[in-house]
Amino acid sequence: MVTLHGKGVYGGIAIGRLSFLRRRGMSVRRRTVSDTAAELVRFEIARQRAISELGKLHEKALRNIGESGAQIFEIHQMMLEDDDYVDSIVNTIRTERVGAEYAVATAAENFSMVFSSMDDPYMQARAADVRDISNRLIEALSGKEEAKSQFSEEARIVCADDLAPSETMQLDRESVSAFITAEGSVNSHTAILARTMGIPAVVDVGEALLDAADGTEAIVDGFTGKIYLSPDEATLTQMRAKREKDLHAKALLEKYKGMDNVTLDGTRIDIFANIQGLREVGAALLHDAGGIGLFRSEFLYLDREDFPDEEEQFQVYKTVLQSMGGKKVVIRTMDVGADKQVNYFGLDKEENPAMGMRAIRICLCRPEVFRPQLRALLRASVFGNLAVMFPMITSCVEVEEIKRLIAEVKKELKKEKLPFSESTEFGIMIETPAAAIISDRLAPLVDFFSIGTNDLTQYTLALDRQNRSLSAFFDPHHEAVLRLIEFTAENAHRHGKWIGICGELASDLSQTERFLRMGIDELSVSPAYILPLRDKIRNLDLRNPKGE
Ligand code: PEP
Ligand code: MG
């Protein structure tokens with residue numbers, strides 16, 4: 001057995017045989033032409049045909065996977081209309097007196113090289129898009145009908161050096177159980193499409209993938225990014241069990257997908273997903289999340305040597321927003337500190353880090369760290385329905401200071417002519433008793449509250465959530481915690497603000513009825529809890545006396 005490691009872009013287990021992508025011959029000969037005018041006409045006809053094919057692909061994607069996934073084909077249409085790209089082809093035909101195919105292939109090589117050499121991972125990923133549109137143009141120039149599917153019927157685990165978004169779109173969900181690519185990035189549109197289509201996928205596996213033989217038996221674990229070639233019996237058994245579990249969860253999805261989160265008496269609540277990064281967006285969508293209720297942005301700052309810059313953050317937030325296609329995405333500003341220590345922040349060693357320099361305290365003391373995140377968030381806001389929330393709030397002064405910084409950043413962006421959405425909501429996490437107790441004062445300052453029951457329990461019970469020897473005392477059902485939640489909900493509603501719960505208690509089915517009776521508007525839970533929670537809610541009847 002050989003184990004390869006890549007980056008999982010969509011969870012799921014596939015067991016099958018490798019099937020290498022056989023692309024239609026794209027080798028292009030340099031051909032001299034005497035009539036360049038006729039060649040330019042040929043090119044123009046092909047370009048229009050490619051644009052119209054993309055229009056059809058866009059419609060198909062809209063029907064199958066929705067607006068966010070379909071957007072890439074609009075982008076490709078725009079790329080085919082890009083003056084620099086088109087001019088470069090036209091000039092090559094004119095000056096070198098060569099066939100249009102060769103001119104397109106040359107432009108593809110030049111433009112994709114420029115993109116690949118850029119530092120920004122998002123721009124690097126655009127190299128695949130240029131190659132994709134250029135291949136489409138060369139197909140169109142050949143005059144052949146567009147290939148319906150480039151994959152054979154028996155294709156199971158599709159392997160390729162890289163996959164273009166349009167190739168991914170053509171994967172037949174019935175006959176393809178997963179795809180793996182030697183190259184590719186988790187930010188690429190291909191990866192977004194994989195998540196949206198729900199195809200287990202691993203990218204960036206490396207050259208070793210291409211050495212494997214067509215037809216090799218393999219297991220793809222999209223959760224861990226591992227590929228097992230010619231797996232042994234023990235691995236097969238283990239992965240079959242993992243697949244069963246996953247399929248069972250997906251079967252529950254079939255039953256509940258698209259259903260409302262509504263009780264028998266008609267009380268509604270939103271169920272959103274908690275995620276740590278882009279990788280889980282697919283799981284959130286697959287489990288039918290109404291939105292993202294907690295994106296723990298600090299995970300962008302962990303396991304690295306230096307701060308993620310504004311641009312990197314912008315690309316990640318933008319991708320989440322686009323992937324969620326208009327559904328609300330609540331991004332929490334970074335909650336570094338306490339159990340999430342990051343060396344390059346250079347924080348002093350503390351006796352009691354849970355009560356120390358953490359989260360919003362770092363942000364307010366070091367605006368040079370906070371500002372790039374605020375800028376990235378605001379810039380991303382135009383790509384979807386963004387809400388931003390701030391962790392570890394204890395006072396109105398903190399919220400006022402945050403609002404002052406936001407106003408400054410907005411002013412800056414306006415000056416730089418960088419667009420942002422004025423309708424972005426700003427909320428705070430209620431995870432300290434202080435915030436819960438002054439929630440009547442905090443509510444008028446914000447658009448929403450989200451209760452972090454993990455920390456609220458820790459700070460209310462004066463009990464370190466990291467201390468395993470105290471776990472018997474860690475009781476989120478403690479009446480003090482539940483009363484603080486109820487009190488906060490009353491204050492939120494008195495001021496017309498919505499309130500959610502994003503701590504672990506949100507997925508505790510024994511508390512669901514109580515939360516509904518409090519009028520909690522949203523519960524945000526790990527993707528796998530969404531459907532069990534929906535099941536619970538749909539069987540509750542609040543007309544019954546409490547607890548029945
Ligand atoms: C919480 O405290 O409940 C919460 C959701 O935040 P975290 O668990 O990330 O501290
Ligand atoms: Mg917390």
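The axes themselves are lines fitted to C-alpha atoms, for helices over the stretch in contact, and the angles run from 0 to 180 degrees between N-to-C directions. The structure is a predicted model, in which local features need pLDDT of at least 70 and side-chain atom pairs count only at pLDDT 80 or more, whereas totals for chains, interfaces and linings use all residues. Residues are numbered from 1 along each chain as its sequence is written, chains are lettered from A and ligands numbered from 1 in the order in which they are written, and side-chain values use heavy atoms, with hydrogens and water left out.

## Helix pairs

Helices (H or I, at least four residues) and strands (E, at least two) are DSSP runs numbered from the N terminus. A crossing is left-handed if the near helix is turned anticlockwise from the far one by less than a right angle, and right-handed if clockwise.

| Helix pair | Axis separation | Angle |
|---|---|---|
| H2 (residues 83-96) and H3 (residues 100-116) | within 9 Å | roughly 130° |
| H12 (residues 367-380) and H13 (residues 396-415) | within 10 Å | roughly 60° |
| H16 and H17 (residues 479-494) | 10 Å | about 125° |

With the angle in the table, H2 and H3 are therefore oblique to each other, and H2 passes H3 in a right-handed crossing. Their contact, where contact means heavy atoms within 4.5 Å, includes Tyr85, Ile89 and Ile93 of H2 and Ala103, Val104 and Phe111 of H3. For counting, Ala, Val, Leu, Ile, Met, Phe, Trp, Tyr, Cys and Pro are nonpolar, Asp, Glu, Lys and Arg are charged, and the others, Gly among them, are polar. On that basis the residues of the contact of H2 with H3 divide into 9 nonpolar, 2 polar and 2 charged.

H12 also passes H13 in a right-handed crossing. Among the residues that meet there are Phe370, Arg371 and Leu374 in H12 and Leu405, Ile406 and Glu408 in H13, and the contact of H12 with H13 holds 7 nonpolar, no polar and 6 charged residues.

The crossing of H16 and H17 is right-handed. In this pair Thr453, Leu456, Thr457 and Thr460 of H16 meet Ala480, Val481, Leu484 and Ile485 of H17, a contact whose residues divide into 5 nonpolar, 3 polar and no charged.

Donors are N, O and S atoms within 2.8 Å of the metal (3.2 Å for Na, K and Ca), and since water is not among the atoms, sites may look incomplete. The protein donors of the magnesium ion (ligand 2) are Glu431 (OE) and Asp455 (OD), which lie 2.0 to 2.2 Å from it. Glu431 lies in the loop between strand E13 (425-430) and helix H14 (433-437) and Asp455 in helix H16 (residues 453-460), so the pair ties together parts that are 24 residues apart in sequence. Buried means under 20% relative accessible area, exposed over 50%, and partly exposed in between (1.4 Å probe, protein chains only). Glu431 is buried at 2%, and Asp455 is buried at 3%.

## Two loop residues with positive phi

Most residues other than glycine have a negative phi. Ala338, however, has a phi near 55°; Ala338 lies in the loop between strand E11 (328-332) and helix H11 (360-365) and is buried at 12% relative accessibility. Met392 has a positive phi of about 60°, is found in the loop between strand E12 (385-390) and H13, and counts as buried at 1% relative accessibility.

Methods
Parallel < 35°, antiparallel > 145°, perpendicular 65-115°, else oblique.
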